[in-house]
Amino acid sequence: MEPLAHILAENWGLRHMQWQPLPSGHTNTSYILLGDQNAWVLRVSWPHKRTTQVEREAAVLAHLRTHPALPAVPSACPTHSGQPYLRTDDGRWLHLFERIDGTTTTAHDSVGPALRALASLHGALAKLPVKETSPVAWLLERHRRVTARPAPPMARTLAVHYANVLERIGACLVASADRILGPAQWLHGDYHPGNLLFNESRVSGIVDFDEVGSGSPTLELAFALFAFSRNVFCEERFEFDPALWVQGLHAYAGAHGHFDTAWLLRHRDDLCSLFCIDQILIHLEAAQRGLWSLTPGIGFHACWHHLQTPCVSSLSNNA
């Protein structure tokens, strides 16, 4: 903590803070900093995070803060020199954010508010210009990053299938690229219960825009539905609550307006495979960065086992 405390004092003027580690995510390490009267969140990236990724997140957050009807999103506290973030000598990016009031929850009654908040978020993000046109652009980008690095440490029973699984994932994403409902727009990239803050029954904040990318909001919606309805305690296979999935779908559709719920219901099995692909890539990349070990209890194994079944192949073109 001492080097970070020195950086905080020199660049933000914060001294004698009480540090509380937050649960580690797959991209960064974060702390709540408690002062006498105020609180902040310090986020520390992995070494050598790309500058373009940092700038992309900052641009998206700046845009979202112009939409007051949305739940709160992270707001950076500038350094003494006016910079919204800081890069350390070892290539880590530091962000000091104002703390957003609220707590995380996995309660079933949070699904409706969470999916209505996602509909509002997608509406706001749709107003940002986007260059990518592929509905799976952010997944293809993540797949390229993972395949460009050496395999992370993993059990031998997994390692023997590693190259084949990555090859199948790439083929699945390419095959799905022109079969997912579009158009492409900016997305949160990692919308799940751990990245939402609740105040009683409403979403008070949406955090962790570190994975912002572009693609189909329909696909991100499907991923969010699985994230909120999955059984995180089952490691042998991927399980989710179909009724809760449908409940979230109707909550999103009710907030979105004109939305084709029938398409998602018709292709739910294929979308489940794509969700497992997304989760596998997220966990592999985190393990490559040394942030996680691919051990039971993080939701990785269920998705890995699911992908041993035939991969997504039946998504018909907007059928």
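What follows is a talk about the terms used for this model.

Modeller: This is a predicted model, where local features need pLDDT of at least 70, side-chain atom pairs count only at pLDDT 80 or more, and totals for chains, interfaces and linings use all residues. Residues are numbered from 1 along each chain as its sequence is written, and side-chain values use heavy atoms, with hydrogens and water left out.

Colleague: Let us start with helices. What describes two packed helices?

Modeller: The angle between their axes and the distance between the axes. Helices here are DSSP runs of H or I with at least four residues, strands are runs of E with at least two, and both are numbered from the N terminus.

Colleague: Why is H7 called oblique to H8?

Modeller: Helix H7 (residues 217-229) and helix H8 (residues 242-256) cross at roughly 135 degrees, and their axes come within 9 Å. Axes are lines fitted to C-alpha atoms, for helices over the stretch in contact, and angles run from 0 to 180 degrees between N-to-C directions. Under 35 degrees counts as roughly parallel, over 145 as roughly antiparallel, 65 to 115 as roughly perpendicular, and the rest as oblique. The H7 and H8 angle falls in the rest, so H7 is oblique to H8.

Colleague: Which residues make the contact between H7 and H8?

Modeller: From H7 come Leu 221, Ala 222, Leu 225, Phe 226, Phe 228 and Ser 229. H8 brings Leu 244, Trp 245, Gly 248, Leu 249 and Tyr 252. Contact means heavy atoms within 4.5 Å. By class there are nine nonpolar residues, two polar and no charged. Nonpolar covers Ala, Val, Leu, Ile, Met, Phe, Trp, Tyr, Cys and Pro; charged covers Asp, Glu, Lys and Arg; the others, Gly among them, are polar.

Colleague: What makes H3 and H7 roughly antiparallel?

Modeller: Helix H3 (residues 111-125) packs on H7 at about 160 degrees, with the axes 11 Å apart. That angle is over 145, so the pair is roughly antiparallel. The crossing of H3 with H7 is right-handed. Val 111, Ala 114, Leu 115, Leu 118 and His 122 of H3 meet Pro 217, Glu 220, Leu 221, Ala 224, Leu 225 and Phe 228 of H7. This contact has nine nonpolar, one polar and one charged residues.

Colleague: Now single residues. How do you know that Leu 281 is buried?

Modeller: Leu 281 has a relative accessible area of 0%. Buried means under 20%, exposed over 50%, and partly exposed in between, for a 1.4 Å probe and protein chains only. So Leu 281 is buried. Leu 281 sits in helix H10. Leaving out residues up to four places away in sequence, Leu 281 touches Leu 139, Arg 142, His 143, Val 146, Leu 166 and Ile 169.

Colleague: Why does Gln 279 count as buried?

Modeller: Its relative accessibility is 12%, under the limit, so Gln 279 counts as buried. Gln 279 is also in helix H10 (residues 268-288).

Colleague: What joins the side chains of Gln 279 and Asp 278?

Modeller: A polar contact of 3.3 Å. The term needs a pair of N or O atoms within 3.5 Å; within protein, one must be able to donate a hydrogen and the other to accept it, and residues adjacent in sequence count only if both atoms are side-chain atoms.

Colleague: Is His 67 buried or exposed?

Modeller: Buried, because its relative accessibility is 17%. His 67 lies in the loop between H2 and S4. Beyond residues up to four places away in sequence, His 67 touches Ala 124 and Lys 127.

Conventions:
A crossing is left-handed if the near helix is turned anticlockwise from the far one by less than a right angle, and right-handed if clockwise.
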